[in-house]
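Colleague: I have a few quick questions about this model. Could we go through them with the structure open?

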Amino acid sequence: MLEGLFDADRWSTTFQNMGPFWEGFGVTLQVVVAGLLLSLVLGTLLGVFSTTRSRVLRAISRVYVEFYQNTPLPVQVLFMYMAGPQFLQAMTGADQPVRIAPFVLGFLGVGLYHAAYISEVIRTGIEAVPRGQMEAAQSQGFTRAQAYWYIVLPQTFKIILPPLCNQALNLVKNTSVLALVAGGDLMYRSDNFVSLYGYLQGYIVCCLMYFIICFPLAMLVQWLERRSKERPRGVSLAELGLDNVEEA
C-alpha cells in the first residue's frame, strides 16, 4: 500500500476529487471560527469567575473546568449526539427526538471543551496583573465589573496571547472529532475518500489542509512569544512630535 503513495494515477484521481475536500475544509473553518468565539466568551467569563470573591462563582468555574479537562472530547461529542436530541425533545415537548445539526455539535463540542482550558489561561493572566490595579480602579469610582472590563482584562490579554493562540491551534485540530458524527468536516471527507478508493493520498491531502490552517497560527504564536520577551523600546521626543518643546 505504501508503494501506492507515489502512484501518479492515484494522485490524479485524488486531485480530480478535490471538491469534497474543499467543502470539508470550509466546514472545518466555520466550526473553528464559531467554536473559538464560544470558547473565548465562555472561557473569559469562567476565568473571571475563578478570581472573584464569590465562593459560588469560583465553585461553578472549578466544577466546569475539572469536568471538561478530565473527560475525553470524543465522549462529550458522542454524548451530545446521542442524548442531545432526547433532551431537546423533553424540553420542547416534540413528538420525536429533535435532531441537532452536525455543525452545531461541532462548534459546541470544541467550544465548550476549550473554554475550560482558556478559562485557566485567563485566570493565570488575571493573577499576573498586580492587585493594585484593581484597588486603584475601585478607588477612582470604578465598579468591580468595570475594573475588570476596562483595566484588568486588557492587560490580561496582552500577557496571555501566546498560550491563547496555542489553544486556538489545539481547537483547530480537535475539530476532526466531528468526523465521528458524520459532520461533513475535512476529516470526514478524507475518511470517505479513503474508504471509497483505498488511497492514502486522501489523508495526505487532509494533513496538508490542516497545515494550511495551523501553520499561520503557529507562526503567530512564535512571533508573539518573541515580542513578549523584547524590552519595550523607548519613544523619542521626535516620534511624539515634541522635538521642539525644549527649544520653545
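Colleague: Which residues does Val-172 touch, not counting residues up to four places away in sequence?

Modeller: With those sequence neighbours left out, Val-172 touches Val-32, Tyr-210, Ile-213, Cys-214 and Leu-217, where contact means heavy atoms within 4.5 Å. Please keep in mind that this is a predicted model, in which local features need pLDDT of at least 70 and side-chain atom pairs count only at pLDDT 80 or more, while totals for chains, interfaces and linings use all residues. Residues are numbered from 1 along each chain as its sequence is written, and side-chain values use heavy atoms, with hydrogens and water left out.

Colleague: And how many residues are in the largest nonpolar core?

Modeller: The largest nonpolar core has 34 residues, and Val-172 is among those with the most contacts inside it, together with Phe-21, Val-31, Leu-73, Leu-186 and Met-209. A nonpolar core here is a set of buried Ala, Val, Leu, Ile, Met, Phe, Trp, Tyr and Cys residues joined through side-chain atoms within 4.5 Å, with buried meaning under 20% relative accessible area, exposed over 50% and partly exposed in between (1.4 Å probe, protein chains only).

Colleague: Which helices supply it with at least two residues each?

Modeller: Those are H2 (18-49), H4 (73-92), H5 (102-128), H7 (144-174), H8 and H9, the helices being DSSP runs (H or I, at least four residues) numbered from the N terminus. The largest share of this core, eight residues, comes from H9. A second, separate core of 14 residues includes Val-121, Ile-122, Tyr-148 and Leu-164.

Colleague: Switching to aromatics, how many pairs are there?

Modeller: The structure holds 11 aromatic pairs, counting rings of Phe, Tyr and Trp (its six-membered ring) whose centres lie within 6.5 Å, with planes under 30 degrees apart called stacked, over 60 edge-to-face and the rest tilted. One of them joins Phe-193 and Tyr-197, and it is tilted because the centres are 4.9 Å apart and the planes stand at 40 degrees. These two residues are four apart in helix H8 (residues 186-197), so about one helical turn separates them.

Colleague: Last topic, Trp-11: where is it found, and what does it touch?

Modeller: Trp-11 is found in helix H1 (residues 8-16) and is partly exposed, with a relative accessible area of 22%. Leaving out residues up to four places away in sequence, Trp-11 touches Leu-5, Phe-6, Gln-201, Ile-204 and Val-205. Trp-11 and Gly-202 are 191 residues apart in sequence, yet 9.1 Å apart in space, C-alpha to C-alpha.
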